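Hi everyone, thanks for coming.

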Amino acid sequence: MELIDKYFPDLTPLQRERFAALYDLYAEWNARINVVSRKDFGQLYLRHVLHSLAIARVCSFDAGARILDVGCGGGFPSVPLAILFPEARFTAADSIAKKIAVVQGVVGALGLENLEPRCVRVETIRGERFHYVVSRAVTEMAPFVRWVWPLIEPGRHGSLDDGILYLKGGDLAEELARTRMRWRLYDISDFFDEEFFATKRIVYTAR
């Protein structure tokens, strides 16, 4: 929790209680279903919770904003973001049922009423629109954009125009060029001091 307190000192007591509960909750679930690498589980707050919260350094979500987390795995980045933005509405989507079972368990234990876990392939979602799509290194950007672009409703429901906020590392120039879209890159090291974030970025484009 020291890392969360360091960068988010103005949390409410309930938010802090929920963040503090994450370690034991994920430890319990991870013993049954391996959704967080066991070799770095001790770095849960750095590599998963704080990494997820980097998105909040780029975009604050308005009350009522609808955010879709694609390929959420064990609930990152959607669980930390849902704790931080209790008035926004999150959908955590993954096609693997056991991963969604973990998210359901964590959400239930925390009482996170603003997050809906859903076992679904995102490319099969029909008749539903979101303001923002968030994700963490699920696949290359070109197929990802094809999946999610029809699901994003143009407008502005936060401090950035509605669009895609993607957590990704490494050299992204060629990969982003293949999408033939305009992207804005944010270095997470500008927000957080830890060495882990040296090569990690948030990639954003507006709908």
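**Helices, cores and one histidine**

Let's begin with a pair of helices: α2 crosses α5 in a right-handed way. Please keep in mind that this is a predicted model. The contact draws on R18, A21, L22, L25, Y26 and W29 from α2, and on A101, V102, G105, V106, A109 and L110 from α5. Sorted by class, the residues of this contact are 10 nonpolar, 1 polar and 1 charged.

How do we describe such a pair? For two packed helices, we give the angle between their axes and the distance between the axes. Here α2 and α5, which covers residues 97-110, pack at about 140 degrees, and their axes are 10 Å apart. The two helices are therefore oblique to each other.

Now let's turn to another partner of α2. Helix α2 spans residues 13-30, and its angle with α3 is about 130 degrees, with the axes 11 Å apart. That makes α2 oblique to α3. The crossing of α2 and α3 is right-handed. On the α2 side, F19, A20, A21, L22, Y23 and Y26 take part, and they meet L44, Y45, V49 and L53 of α3. What classes of residue make up the contact of α2 with α3? There are 10 nonpolar residues, no polar ones and no charged ones.

In soluble globular proteins, nonpolar side chains tend to be buried together. The largest nonpolar core in our model has 57 residues, and L22, Y26, F61, V79 and L165 touch the most other members. Which helix gives the most residues to this core? It is α3, with 10 residues.

Let's zoom in on V79. Setting aside neighbours within four places in sequence, V79 contacts L22, Y26, V103, V106, L110, L112 and L115. There is also a second, separate core of 20 residues, with L68, I125, V145 and V148 among its members.

Last stop: H51. You can find H51 in helix α3, which runs over residues 44-58. Is H51 buried or exposed? Its relative accessibility is 6%, so H51 counts as buried, since buried means under 20%. Once neighbours within four places in sequence are left aside, H51 is in contact with L46, R136, L167, I188, F196, F197 and K200.

That's my tour, and I'm happy to take questions!

Key. Residues are numbered from 1 along each chain as its sequence is written. This is a predicted model: local features need pLDDT of at least 70, side-chain atom pairs count only at pLDDT 80 or more; totals for chains, interfaces and linings use all residues. Side-chain values use heavy atoms; hydrogens and water are left out. Helices (H or I, at least four residues) and strands (E, at least two) are DSSP runs, numbered from the N terminus. Buried means under 20% relative accessible area, exposed over 50%, partly exposed in between (1.4 Å probe, protein chains only). Contact means heavy atoms within 4.5 Å. Axes are lines fitted to C-alpha atoms, for helices over the stretch in contact, and angles run from 0 to 180 degrees between N-to-C directions. Angles under 35 degrees count as roughly parallel, over 145 as roughly antiparallel, 65 to 115 as roughly perpendicular and the rest as oblique. A crossing is left-handed if the near helix is turned anticlockwise from the far one by less than a right angle, and right-handed if clockwise. Ala, Val, Leu, Ile, Met, Phe, Trp, Tyr, Cys and Pro count as nonpolar, Asp, Glu, Lys and Arg as charged, and the others, Gly among them, as polar. A nonpolar core is a set of buried Ala, Val, Leu, Ile, Met, Phe, Trp, Tyr and Cys residues joined through side-chain atoms within 4.5 Å.
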